[in-house]
Amino acid sequence: MEGEQLLCVAARSGDLQKVKDLIASGADVTYFDGDGLTPLMHAAANGHAEIVKTLIEAGAPWNAVSPSDLSAGDLAMENGHQDAFDFLLNAGIQSELVLGTIARATSKTSSDPTATYLEDRVVFSEDRVMDSESKAVMMAWEKPLMESHARAICNKKGGNVLNIGFGMGLVDAAIQRYNPSMHTIVEAHPQVYDRMIRSGWGEKDNVKIIFGRWQDVLSELESYDGIFFDTYGEYYEDMREFHQHLPRLLKPGGVYSFFNGLCGSNAFFHVVYCQLVALELGNLGYDTQFIPLPVKDCLAEEVWEGVKRKYWQLDTYYLPVCQATSDSE
Ligand SMILES: C[S@@+](CC[C@H](N)C(=O)[O-])C[C@H]1O[C@@H](n2cnc3c(N)ncnc32)[C@H](O)[C@@H]1O
């Protein structure tokens, strides 16, 4: 047997000393065995937390996935191995924090990732808005989620509310039901904007529409009692950048929420990103609570017919509710 195969066997059986010896003699910790599993996945699936730690420290990738798209963290989670799970979660968060910092320091973040999408045609139908590559910009199955987001940011009373990204207008229709004193909507896609105007959104007394990318219209924004953020074609880094403006945009006592589609096709990566965003919002002075909402029933297989990428595959949606830490003191 090769060193790497022996490493998988030792990781599976929990032989820490053997794992250390094999690593010392040069066994490759990034190896995938015949079943498409890494030594780290074997250790995690069997709850050998010390071996998980040793392999991670030796450079095993925390985010490698098996042929059924499961990472070591998913396997630890599925099998109820809390220590291994905690270690992998921490490794994932640290790694993404470091990678983000390096990317920002070397300006490797995309400066205008929405450019292509915003210049492309979108197609509207009753239950979706699609981009030119048949990827869904917005889908009607999210309606109950959008209603919950509206409830969270309107906090029973309307107030002065900001929504970034109109899409199908689901969250905006729900916000309107709270009768906000003012409801500002920022939308950057010319066709989506055109559709908003044609469907009468520009004529509502309490609605102010700002056409443009949120990045370009920041100076037109005030401070709000409730803010919702849900764009398309942008990255985590863009939302992170938006968060840097929250201290100016969110009034004391205000509530911020965002569409939490972060890594929506893998349960463990989703947990990593929920924790990461909560940590980064925490550094800005915001507490984040995640409200679990079951979504399995909204997501029959037919929902995705004709959609290129299933952007959500988990059974539970975690709706973020963020408030200034000082509000709860
Ligand atoms: C997922 S949809 C929003 C769906 C909306 N929450 C709803 O309830 O229907 C995202 C929207 O954000 C818009 N968008 C994308 N990038 C933007 C940006 N930088 N600034 C403002 N709007 C943007 C898209 O054109 C699209 O209409």
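Tutor: What follows is a set of questions about terms, asked of a predicted model.

Student: Why is helix H2 called roughly parallel to helix H4?

Tutor: The axes of H2 (residues 16-24) and H4 (residues 49-57) come within 10 Å and cross at roughly 10°. Angles under 35 degrees count as roughly parallel, so H2 is roughly parallel to H4.

Student: Which residues make that contact?

Tutor: H2 contributes Leu 16, Val 19, Lys 20 and Ile 23, while H4 contributes Glu 50, Ile 51, Thr 54 and Leu 55. By class, five are nonpolar, one is polar and two are charged.

Student: What makes the buried residues of helix H1 line one face?

Tutor: The buried residues of H1 (residues 3-13) are Glu 4, Leu 7, Cys 8, Ala 10 and Ala 11. Seen down the axis of H1, they fall within an arc of 170°, so they line one face of the helix. They pack against H2, helix H3 (39-45) and H4.

Student: Why is the pair of Tyr 236 and Tyr 273 called edge-to-face?

Tutor: Ring centres must lie within 6.5 Å to pair, and planes over 60 degrees apart count as edge-to-face. Here the centres are 5.1 Å apart and the planes stand at 80°, so the pair is edge-to-face. Tyr 236 lies in helix H12 and Tyr 273 in helix H14, 37 residues apart.

Student: How do you know whether Tyr 236 is buried or exposed?

Tutor: Buried means under 20% relative accessible area. Tyr 236 has 16%, so Tyr 236 is buried. Tyr 273, with 14%, is buried too.

Methods
Residues numbered from 1 in each chain as written. Predicted model: local features only at pLDDT ≥ 70, side-chain atom pairs only at ≥ 80, totals over all residues. Heavy atoms only, no water. Axes fitted to C-alpha atoms, helices over the stretch in contact; angles between N-to-C directions. Helix = DSSP H or I, 4+ residues; strand = E, 2+ residues; numbered from the N terminus. Parallel < 35°, antiparallel > 145°, perpendicular 65-115°, else oblique. Contact = heavy atoms within 4.5 Å. Nonpolar A, V, L, I, M, F, W, Y, C, P; charged D, E, K, R; others polar. Buried < 20%, exposed > 50% of the residue type's maximum accessible area, 1.4 Å probe, protein only. Arc of directions from axis to C-beta. Phe/Tyr/Trp six-rings, centres within 6.5 Å; stacked < 30°, edge-to-face > 60°.
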